[in-house]
Amino acid sequence: MPSSARVLRFRARRPSGVPLSPEEATSAARRYLEAASERSPESTSDALSNADVLSSTLRLLREQWATSPQSVSDEAVHIYRWLQNSERIGLFDERDYFLGEAAFIAGTASKFLGNRVDALRWLDRAEAGFRHTVNAAPGLSSVSYARLCVRFDMGRFDDVVDLMPSLVESFKKLEMPVEAAKAKLVLAMALKNSGRVEDALTHLEAVGDEPCMEKNPTIRAQVLSERGDALRMTDRIDEAMSCYREALPLLASGQASAGRADLRMFVAGAYRAKGALDTALTAFKSAASDYKELGMATRAAYVGVLISETLLALDRPREAEWEILQALPTIEEQKMVPEGFAAVALLRESVKRRKTDPNALRELREHLQKQN
Amino acid sequence: MDSSDDRVVQAEADDPFELEIRGVFQGTLGLIHLALVTHYDLEELEAIELEKDLYVWFVRFCARPGNFSPSQSRPFLMVACCQFAREYQKYLIGTGVREPNEKLQKLLDREPNDVARDFNRNLDFLNLRNPDA
């Protein structure tokens, strides 16, 4: 029995529009999202005040947050603001649920975009919404998962290793196998980035065997990509390549996604480890292109540093300088390095003198690598 | 639920998930009606209107990401039922439309989730006696 009902703030009956079939609601939601540029306040209100359409709209946004994070973030923020100004929406706890869900989507999309401060703020709002719903546990657990992902992005791997196992148990109790698998995947990534590569490989193998993987090719591809990267870190390059080959068709939708961009970056790293610098450079550029298309500025900046290093190794210093100059503003704006990080100042100075300092570049890459 | 709500019936006719939701709702409807009319003193028509809303809410509730299956979500349906009935009666009493009797006042003083817990015990008992219901 949920004890959270004590904090519920149910209102009197609210109109929620004519009930629609799932197909009708999905069609209306698609029309609403496709009309983004020509939407008036009235048409927004017409669409979103029907709770079935609003539910479907939020579901469609969830499906797109990894492939179109910027537009998903914009839409989710728009919906959240609209809900804030609309007292009469949905039945019972639905307004709070919709507020929580819109904020959760905005937070997750911000996380993909690398806007960590925004992401955490939206996740706080999501928590505030979900807390007032009848069944708060799934929403609150998802918020905790997203927060740990942000901590992972910030390089706080010890926190992830410490807290994620408990969240995995929560997801298991809540019968959310896909979320449990995703949580285990992030745990394995944190172990890998903490230097516990063999532990990470053990976890990745276990996640890959989860029954839910069959119906979730994108997550399976991410598991394979991470496994490949862990194998590369232990110099098992051929095994790594085999994992990447297995992952690639699972992501072959032709559309840029965070998973595809990560895979391309890992493949590039493996080629670089094999000394195939030209091939590595091409793969790094493909990854950077995906990250830029997705609006994932911090990841694009990190790959920019990798490209720059590879260009220096190929004795192409002018192009390396250009890549550094592209990446540095994001690195500083998004606080990807601590204030006054010496390598950044040295690098900027050396680029100004048109003599890129490879040691400063390596130091910056190593610092960023710990977070990526 | 009022069976005249053909639109809702039609919308879910082909979808196994929604058929399951409908089955769970109908299996709980007797207890919901009892809670609303006998315990929370709602009038018949008020109860029927609320039951329609509860059904629409329950369909969307079961579709929320991460929620349990419809049959496992039954306890939440009872919480929603008691919560709304309490708010509704408090509103009527607060605006002077209705006078509370002692029994109703005692129920309104209790937390809806506690009341729902009692109802769910009855539901568990009924399920034990008739597991196919």
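# Close-up views of the predicted model

**Cys81(B) is buried, with a relative accessible area of 0%.** Buried stands for under 20% relative accessible area, exposed for over 50% and partly exposed for what lies in between, with a 1.4 Å probe and protein chains only. The model is predicted, so local features need pLDDT of at least 70 and side-chain atom pairs count only at pLDDT 80 or more, while totals for chains, interfaces and linings use all residues. Residues are numbered from 1 along each chain as its sequence is written, chains are lettered from A and ligands numbered from 1 in the order in which they are written, and side-chain values use heavy atoms, with hydrogens and water left out. The closest cysteine sulfur to that of Cys81(B) belongs to Cys82(B), at 4.9 Å, which is too far for a bond. Cys62(B) is also buried, at 4% relative accessible area. Its sulfur has that of Cys81(B) as the closest cysteine sulfur, 15 Å away and again too far for a bond. Over all chains, the search finds 0 disulfides, a disulfide being a pair of cysteine sulfur atoms within 2.5 Å.

**Helix H2 (residues 16–39) and helix H3 (residues 44–62) of chain B cross at roughly 145°, their axes coming within 10 Å.** Helices (H or I, at least four residues) and strands (E, at least two) are DSSP runs numbered from the N terminus. Axes are lines fitted to C-alpha atoms, for helices over the stretch in contact, and angles run from 0 to 180 degrees between N-to-C directions. H2(B) and H3(B) make a right-handed crossing; the term applies if the near helix is turned clockwise from the far one by less than a right angle, and left-handed if anticlockwise. Among the residues that meet are Phe17(B), Phe25(B) and Leu36(B) from H2(B), and Leu54(B), Phe58(B) and Cys62(B) from H3(B). The residues of this contact comprise 15 nonpolar, 1 polar and 4 charged. Nonpolar covers Ala, Val, Leu, Ile, Met, Phe, Trp, Tyr, Cys and Pro, charged covers Asp, Glu, Lys and Arg, and the others, Gly among them, count as polar.

**Helix H6 (residues 116–130) and helix H7 (residues 137–153) of chain A have axes within 9 Å and cross at roughly 165°.** H6(A) is therefore roughly antiparallel to H7(A). Angles under 35 degrees count as roughly parallel, over 145 as roughly antiparallel, 65 to 115 as roughly perpendicular and the rest as oblique. The crossing of H6(A) past H7(A) is left-handed. Residues of H6(A) including Leu120(A), Leu123(A) and Phe130(A) meet residues of H7(A) including Leu140(A), Val143(A) and Val150(A). By class, 9 nonpolar, 1 polar and 5 charged residues form the contact of H6(A) with H7(A).

**Helix H9 (residues 177–193) and helix H10 (residues 197–208) of chain A pack with axes 7 Å apart, at an angle of about 165°.** That makes the pair H9(A) and H10(A) roughly antiparallel. H9(A) and H10(A) cross in the left-handed sense. Leu185(A), Ala188(A) and Leu191(A) are among the H9(A) residues in the contact, and Val197(A), Leu204(A) and Val207(A) among those of H10(A). The contact of H9(A) with H10(A) has 9 nonpolar, 1 polar and 3 charged residues.

**Thr330(A) lies in helix H16 (residues 317–333) of chain A.** Thr330(A) is buried, at 18% relative accessible area. Apart from neighbours within four places in sequence, Thr330(A) is in contact (heavy atoms within 4.5 Å) with Ala297(A), Thr298(A), Ala301(A), Lys335(A) and Met336(A).

**Leu281(A) belongs to helix H14 (residues 277–294) of chain A.** Leu281(A) is buried, with a relative accessible area of 4%. Leaving out neighbours within four places in sequence, its contacts are Ile307(A), Thr310(A), Leu311(A), Leu314(A) and Arg316(A). Between Leu281(A) and Trp82(A) the separation is 199 residues in sequence and 45 Å in space, C-alpha to C-alpha.
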